[in-house]
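Reader: I would like to learn how to read aromatic contacts in a model. Could you walk me through them?

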Amino acid sequence: MNINSVIDKNKIQNERTILHSDCNGFYASVECFHNPTIRNKPVAVSGDAENRHGIILAKNEIAKKYNIKTGEAIWQAKQKCPELVTVSAHFDLYKRFSKMARRIYSEYTNLVEPFGLDEAWLDVTNTFGKSGIEIAEEIRERIKNELGITVSIGVSFNKIFAKFGSDYKKPDAITIINRSNYKSIVWNSPASDLLYVGRATNKKLRQLGIYTIGDIANTPVEQLRTNFGKWGDLIFAFANGYDSSPVMPIDYTEEVKSIGNSTTTPKDMETIEDVKIVLFVLCESVCRRLREQGFLTRTVSISIRDNELHTITRQSTLDSYSNITSQIADTALKLFKKSYKMNKPLRSIGVSLSDFIGDNIPHQISLLQDEKNLIKSEQLDKTLDILKKRFGSYAVRPAVLLKDRTLSGFNPKEEHTIHPVSYL
């Protein structure tokens, strides 16, 4: 999305009717539907507690009453609610329910833009001659009756306020944000309730004396731009309702901009050798996915989280485009050594690749690289890809991964799950 087009009042389209539908406590709601014995209990969907992937991914309405938060550790949640029922995630099941919900949405409009598995925008302007409220009510009832879960729906004249509306009142509710009431509802809400005002941005806003969405809207855009760059233009536009970005068609395929995997390890990584093992598994996964997509990459990023949950991210640019596992793993390890001194044990680590070109596009290699060895490495990787696809990801493994099977015994490629996509 072009940020400049967002803030241009003259480019705002004729009044639209946009819905944002959000499945309430999606993962937990689906689990409760499939297992009636836990429906009336506090339930949370979590990662694997025994393997330290033990964080809360979703919770039902009963669990919310105990102030259980998405992202907190299972042990923390159970301190608040000892009788909390935790169940493992079943992403294939959630994807199936997501498709069923989208099928219902598509009966009202072909402009259905997913925002992760559990959320979607719909442009229902002039649909069947019905009002947005009537369509929202129909969808709310159909999801409840046909899928056995509930949704909250925001109805507004742009995507940002429609999403605000779906978050404003839960569960099983419809909220209308129109030009007559958005100042009294949206502007009086905390700045952190605005899409893309995260923790760091909100902290900086508070330092500037900006506490509500209305404060953002009424701050001179030049001041926001000085402190936040183009992000200042964006949040100013969102707060004022200037968003004119379209809802994309249901069959729209977004250009792949990055490929990544991350993991929380079964035990803390305490040495460089530990990190090397985990990084190689992650790089194997992302490079296989890169080659399957037919891409070469030039930017390697890593994210690191220590055992006190402090996170840092760093990135490095390759001398030339590549999809070779050993080359990208070596870059990731060098970047890690440059960025982190192992002064604290690590809990999780991630690798992401970006800045792509197609692998059929001619490109300049570095004069310092041995072209024959690069070709051999690329052919070896592609041969290993074929073997792993046929016989499984553990069919062929480098010796370094056998040093600690506890750290290397995970399969990020096959365990890869879909997370909410970016709005921008």
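Author: Gladly! Rings of Phe, Tyr and Trp (its six-membered ring) pair if their centres lie within 6.5 Å; planes under 30 degrees apart count as stacked, over 60 as edge-to-face and the rest as tilted. This is a predicted model, where local features need pLDDT of at least 70 and side-chain atom pairs count only at pLDDT 80 or more, while totals for chains, interfaces and linings use all residues. Residues are numbered from 1 along each chain as its sequence is written, and side-chain values use heavy atoms, leaving out hydrogens and water.

Reader: How many aromatic pairs does the structure hold?

Author: There are 16 aromatic pairs. In one of them, phenylalanine 164 and tyrosine 168 are stacked, because their ring centres are 5.8 Å apart and their planes at 25°.

Reader: Where do phenylalanine 164 and tyrosine 168 lie?

Author: Helices (H or I, at least four residues) and strands (E, at least two) are DSSP runs, numbered from the N terminus. Both residues belong to helix H7 (residues 159-168), 4 residues apart, about one turn of the helix.

Reader: Is phenylalanine 164 buried or exposed?

Author: Buried means under 20% relative accessible area, exposed over 50%, partly exposed in between (1.4 Å probe, protein chains only). Phenylalanine 164 is buried at 6%, whereas tyrosine 168 is partly exposed at 44%.

Reader: Why does the pair of phenylalanine 295 and phenylalanine 356 count as stacked?

Author: Their ring centres are 5.0 Å apart and their planes at 10°, so the pair is stacked. This pair links distant parts of the chain, 61 residues apart: phenylalanine 295 is in strand E10 (residues 295-306) and phenylalanine 356 in strand E12 (residues 346-358).
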